[in-house]
Amino acid sequence: MTLKLAFSNAVEAAKADGRAIVALESTIITHGMPYPQNVETAHTVETVVRDGGAEPATIAVLGGTIHIGLEPDQLTKLAQASDVRKLSRADFAHALAQQATGATTVAATMIAARLAGIDVFATGGIGGVHQGASDTFDISADLQELAQTPVSVVAAGPKAILDLPKTLEVLETYGVPVITYGQDALPAFWSRDSGLTSPLRADTVEELAQAHLTRTALGIPGGQLITNPIPQADEIPRSVIGPIVDQAIAEADAQGIEAKDVTPFLLQRIFELSSGASLTANIALVKNNAKLAAQLAVAIQTART
Ligand code: PSU
Ligand code: MN
């Protein structure tokens, strides 16, 4: 069978010209941020990628077709819709078979990026091992995806809603390189320093590009997780965000929130409990990641040619 794959006009043109492309996910738009900040951020992030010399490709499933790049009106409509599925590896094919509309998580966006021949993907935060996972077994499919799909993912580090040491352990077991850009400490999304040392460090974009290409040359499947610290001016200290995260997790437990509803529930509660500060920082770090991802996509493209 042939998959229904649709490229936006801009992505089609970039492919024809051999220009660098950066994939962007859509779950952050539909389930990660409230309207209208979600659509504003999505457009801004696309502009940041373009300013960095690459073409953005926001990925989503619309009526059973995988879209690689959304036209501006498609993006706006998706951001306003309320009945959009959150698609990961497990439900991607099923949603396509049902001609459904769905936003792609990190895992599903990586699958689509690989299909489209895109090497680099920028987002805010990835899923990981949740706190309490020894009871709930809640470990995001994003980690498995990083183990098998050859895409470099630029994120701001695992979020404090996760169990950071366990997330690092699982990534190590799966053979996923976790490379922090420009510092020794692993960043923790809203904060620059998680208190943990990053397994790996790179100080130049060229090193990141070489690491990506060398893994392919070695025949190692899977991608790289590049952890990019939030800019200093935008960070929320751990002492401030920590208690808010703890409260949100306690509420999720008390309300019996499960499975794929956990992450969106926590993000929404943290937004409310922080009076919007979590969202402001989230927007800043996604833009920062898009900038680095554009540089990386260009460096990989240059090194290849
Ligand atoms: N973390 C964020 N914002 C997000 C997500 C994670 O800070 O929007 C989304 C991403 O799409 C990620 C998904 O892939 O949540 C992980 O969900 P789960 O934990 O259910 O696998
Ligand atoms: Mn989960």
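Where is the place of F137? I found F137 in the loop between helix 7 (133-136) and helix 8 (141-148). I keep in mind that this is a predicted model.

**Entry 1: F137.** I looked up the backbone and got a phi near 60° for F137, a positive value in a residue other than glycine. I made a note of it because most residues other than glycine have a negative phi. Next I asked myself: is F137 buried or exposed? F137 has 68% relative accessibility, so I wrote it down as exposed, the cut-off being over 50%.

**Entry 2: S275.** I went on to S275, where phi is near 55°, again a positive value in a residue other than glycine. S275 lies in the loop that runs between helix 12 (262-273) and helix 13 (277-304). Its relative accessible area is 69%, so S275 goes down as exposed.

**Entry 3: Y35 to P36.** Which form does the peptide bond from Y35 to P36 take, cis or trans? I read it as cis, with omega near 5°. P36 sits in the loop between helix 2 (27-30) and helix 3 (37-51).

**Entry 4: the nonpolar patch.** Which residues make the nonpolar surface patch of about 430 Å²? I listed M1, L3, L5 and L115. I then checked M1, which belongs to the segment before strand 1 (5-7). With a relative accessible area of 94%, M1 is exposed.

Key:
Residues are numbered from 1 along each chain as its sequence is written. Chains are lettered from A and ligands numbered from 1 in the order in which they are written. This is a predicted model: local features need pLDDT of at least 70, side-chain atom pairs count only at pLDDT 80 or more; totals for chains, interfaces and linings use all residues. Side-chain values use heavy atoms; hydrogens and water are left out. Helices (H or I, at least four residues) and strands (E, at least two) are DSSP runs, numbered from the N terminus. Buried means under 20% relative accessible area, exposed over 50%, partly exposed in between (1.4 Å probe, protein chains only). Patches are made of residues with over 30% relative accessible area and no salt bridge: like charges are joined within 9 Å, nonpolar side chains (Val, Leu, Ile, Met, Phe, Trp, Tyr) within 5 Å. Accessible areas come from the Shrake-Rupley method with a 1.4 Å probe; for residues, only the protein chains shown count as cover. A salt bridge is a side-chain nitrogen of Lys or Arg within 4 Å of a carboxyl oxygen of Asp or Glu.
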